[in-house]
Amino acid sequence: MTIHVYSGVIFLYVALRLILPLRLGRKTGLLCGLLLLCIAQQHLFFRIFYGNMASPELPFPILAVASWLFIALLFLFLLLLMKDLFTCLTLPLRYVDYTMPVFLPHRVWVAALTSIALLLSAYGTTQALRTPETISYEVFLEHLPPELDGLHLVQIADLHAGPLLGASR
């Protein structure tokens with residue numbers, strides 16, 4: 001249940017630092033805010049309407065796009081946080097050196113950070129949806145008892161199989 005609180009805080013930070021300074025029209029701003037809220041609270045919506053955050057009844061494209069956008073929101077939050085921390089750290093330099101170059105306009109930052117977040121999350125989502133790789137090793141042991149010769153061992157590690165991978169994969 002706490003994921004909804006954390007994602008709500010992330011929504012507020014991104015909305016206040018990214019969308020609000022854009023000075024969009026009232027309808028456009030509300031639409032962007034509502035879209036951002038839906039992305040941030042996707043787990044809650046899926047849980048309310050489907051009973052589970054990753055219900056098998058949800059179509060694969062909806063789960064994939066929702067996951068991609070949620071991860072993009074997380075990346076965007078981290079990128080904005082890094083930008084704000086950098087700005088805070090360089091603030092004293094602006095009072096000392098008046099020749100310090102002017103930073104990029106807010107709209108350019110929005111476009112750049114949003115593009116980076118979307119691209120990183122797209123790469124991460126495609127990597128997460130790949131079929132797991134199978135690796136076989138043949139091990140020779142000198143003192144292996146004869147009754148264990150030909151024994152097959154299987155190790156499954158770090159498998160993130162779920163509704164997104166489906167039964168066929």
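Which side chain of opposite charge is nearest to Lys 83, and how far away is it? The answer is Asp 84, at 4.2 Å. Lys 83 has no salt bridge, yet Lys 83 is buried. The model is a predicted one.

**Overall build**

The protein chain holds 5 helices and 0 strands. Read from the N terminus, its elements run α-α-α-α-α. Of its 169 residues, 24% count as buried. The accessible surface comes to about 13,000 Å². Carbon and sulfur atoms account for 70% of that surface. Take the contacts between residues at least 6 apart in sequence: 74% of them join residues at least 24 apart.

Lys 83 sits in helix α4, which covers residues 60–96. Its relative accessible area is 17%. The cut-off for buried is under 20%, so Lys 83 counts as buried at 17%. A salt bridge requires a distance within 4 Å; Asp 84 lies 4.2 Å from Lys 83. Leaving aside neighbours within four places in sequence, Lys 83 is in contact with Arg 17, Trp 109 and Leu 113. Trp 109 is 26 residues from Lys 83 in sequence. In space the two are 9.3 Å apart, C-alpha to C-alpha.

**Helix α5**

Leu 113, a contact of Lys 83, is one of the buried residues of α5. Val 110, Ala 117, Ser 121 and Thr 125 are buried there too.

**Ser 7 in helix α1**

Ser 7 belongs to helix α1, residues 2–19. Ser 7 is buried, with a relative accessible area of 4%. Not counting residues up to four places away in sequence, Ser 7 touches Ala 40, Gln 41 and Phe 70.

**The nonpolar patch**

A nonpolar patch lies on the surface. Its members are Ile 135, Tyr 137, Val 139, Leu 141, Leu 144, Leu 148, Leu 151 and Leu 153. Together they have about 910 Å² of accessible area. Leu 153 lies in the segment after α5 (106–128). Is Leu 153 buried or exposed? Leu 153 is exposed, because its relative accessible area is 74%.

| Residue | Relative accessible area | State |
|---|---|---|
| Ser 7 | 4% | buried |
| Lys 83 | 17% | buried |
| Leu 153 | 74% | exposed |

Note on methods:
Residues numbered from 1 in each chain as written. Predicted model: local features only at pLDDT ≥ 70, side-chain atom pairs only at ≥ 80, totals over all residues. Heavy atoms only, no water. Patch = residues over 30% accessible without salt bridge, like charges linked within 9 Å, V, L, I, M, F, W, Y side chains within 5 Å. Areas by Shrake-Rupley, 256 points an atom, 1.4 Å probe, with all protein chains shown as cover. Helix = DSSP H or I, 4+ residues; strand = E, 2+ residues; numbered from the N terminus. Buried < 20%, exposed > 50% of the residue type's maximum accessible area, 1.4 Å probe, protein only. Lys, Arg positive; Asp, Glu negative; His and termini not counted. Contact = heavy atoms within 4.5 Å.
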